[in-house]
Amino acid sequence: MKVTVVGAGAVGATCADNIARKELAQELVLLDIREGFAEGKAIDMMQTSALLGFDTKVKGVTSDYAATAGSDVVVITSGLPRKPGMTREELIGTNAGIVKSVTENILKHSPNTIIVVVSNPMDTMTYLTLKTSGLPKNRIIGMGGALDSSRFKYYLSQELGCSPADLNAVVIGGHGDTTMIPLINHATWNSVPVTEFLSKEKQDEIVAATMVGGATLTKLIGTSAWYAPGAGTAMLVESILRDEKKLVPCCVALDGEYGQSDIAIGVPVVLGKNGWEKIVDIKLNDEEQAAFAKSAEAVRSMNSVLELA
Ligand SMILES: NC(=O)C1=CN([C@@H]2O[C@H](COP(=O)(O)OP(=O)(O)OC[C@H]3O[C@@H](n4cnc5c(N)ncnc54)[C@H](O)[C@@H]3O)[C@@H](O)[C@H]2O)C=CC1
Ligand SMILES: O=C([O-])CC(=O)C(=O)O
């Protein structure tokens, strides 16, 4: 298997590091526009292989798309991250141009690849990739829900004093500070609803903390996070390459599901060798359904800014 990660910055390099350590691919190409940057990161990673004992061959290149030829999966992380005080949506002006040109270049050499979009604003960048690539919709997947759900489990585990691995909890909707929807009423601690252990006030606090999880880290670090985003992206790549059929919330094209069409937004999907293979319907109550419709409206208004001609 061959994977390309575009953008050798914080998220791209962390994702590549996770992919290499887990030996998800034989070949891993790291591509960046900054001269020598991806080459340096790739050599640094390869110099951990004797220490960690993995066989994946990591190669760094500067804008050399020929080296990415025949990739089974391409991860797009190229673009600006936000600074404290910014929203993800404010990145659209710069990142739309980057994501569009990267997609076009990738497809010249890997016309049938599966693309995982990470660059923000991720829902709109996924929609852009869908519209510009011409690939079947199942081959375009935005990463957001996996990360947001992991953050949701982190905040729940802190309050419950339990292992995050014992929790089942998902975040659907847009990957934005005000658009994501942590489904607290569906979250369980080894099949027991978490709402049985938490006051309504605590539940609301956890939901609010999850929604601004990315902004909180951006304020602390000075730029946005990378460990969990990199690990979340590698988890998606793993489920695809190993055909694991994991059920993960991802940003995908909806065609009537959840009452929405002509949009890419976060819903639970089964991930396997064909990309996202199935959308799973969660029975939402009226309040959750209304929140999803509102989230879709916000994502759609962001999408309308794109020049898709
Ligand atoms: N979807 C999600 O859950 C998450 C999304 N992100 C987003 O991922 C993106 C990357 O974040 P970081 O890695 O922290 O930023 P970074 O600044 O560390 O890395 C971005 C890299 O992209 C490269 N780049 C820029 N234009 C390029 C082009 N045309 N071709 C190839 N490479 C190019 C830059 O040289 C840089 O090395 C940001 O847009 C950020 O908002 C970050 C975390 C989570
Ligand atoms: O917060 C950001 O801008 C980066 C991101 O999407 C996240 O960490 O969730």
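Predicted model: local features only at pLDDT ≥ 70, side-chain atom pairs only at ≥ 80, totals over all residues.
Ligand 1 comes first. The space taken by ligand 1 is the largest pocket. Of the elements, helix 4 gives the most, with 3 residues. There are 26 residues around ligand 1, and those that come nearest are Val-11, Asp-32, Leu-80, Asn-120 and Met-143. By class, the shell around ligand 1 holds 16 nonpolar, 9 polar and 1 charged residues.

Polar contacts with ligand 1 involve both side-chain and backbone atoms of the protein. An N or O atom in the side chain of Asp-32 is 2.6 Å from an oxygen atom of ligand 1. At Val-118 the contact is with the backbone: a backbone N or O atom lies 2.9 Å from a nitrogen atom of the ligand. Met-143 likewise uses a polar backbone atom, which is 2.8 Å from a nitrogen atom of ligand 1. On its own, ligand 1 has 870 Å² of accessible area, and the protein covers 87% of that area.

The space taken by ligand 2 is the largest pocket. The residues around ligand 2 are Arg-82, Arg-88, Asn-120, Leu-147, Arg-151, His-175, Gly-214, Thr-218 and Ser-224. This shell divides into 1 nonpolar, 5 polar and 3 charged residues. Helix 6 (145-160) and helix 8 (213-221) each supply at least two residues of the shell.

For Arg-151, an N or O atom of the side chain is 2.7 Å from an oxygen atom of the ligand. In the case of Arg-88, the distance from a side-chain N or O atom to an oxygen atom of ligand 2 is 2.8 Å. A polar side-chain atom of Asn-120 lies 2.9 Å from an oxygen atom of ligand 2. The protein covers 95% of the 270 Å² of accessible area that ligand 2 has on its own.

Around ligand 1, at least three residues come from each of domain 1 (2-143) and domain 2 (145-304). Around ligand 2, domain 1 (2-143) and domain 2 (145-304) again each provide at least three residues. Asn-120 is among the residues that come nearest to ligand 1, and Asn-120 is also one of the residues around ligand 2.

Definitions and conventions:
Residues numbered from 1 in each chain as written. Chains lettered and ligands numbered in written order. Heavy atoms only, no water. Near = heavy atom within 4 Å. Polar contact = N/O pair within 3.5 Å; in protein donor to acceptor, adjacent residues only side chain to side chain. Areas by Shrake-Rupley, 256 points an atom, 1.4 Å probe, with all protein chains shown as cover. 1 Å grid on protein atoms, 1.4 Å probe; cavity = no way out; pocket = protein on both sides within 12 Å on 5 of 7 lines; lining within 4 Å. Sits in = over half its atoms within 2 Å of the grid points. Helix = DSSP H or I, 4+ residues; strand = E, 2+ residues; numbered from the N terminus. Nonpolar A, V, L, I, M, F, W, Y, C, P; charged D, E, K, R; others polar. Domains from an automatic or database assignment.
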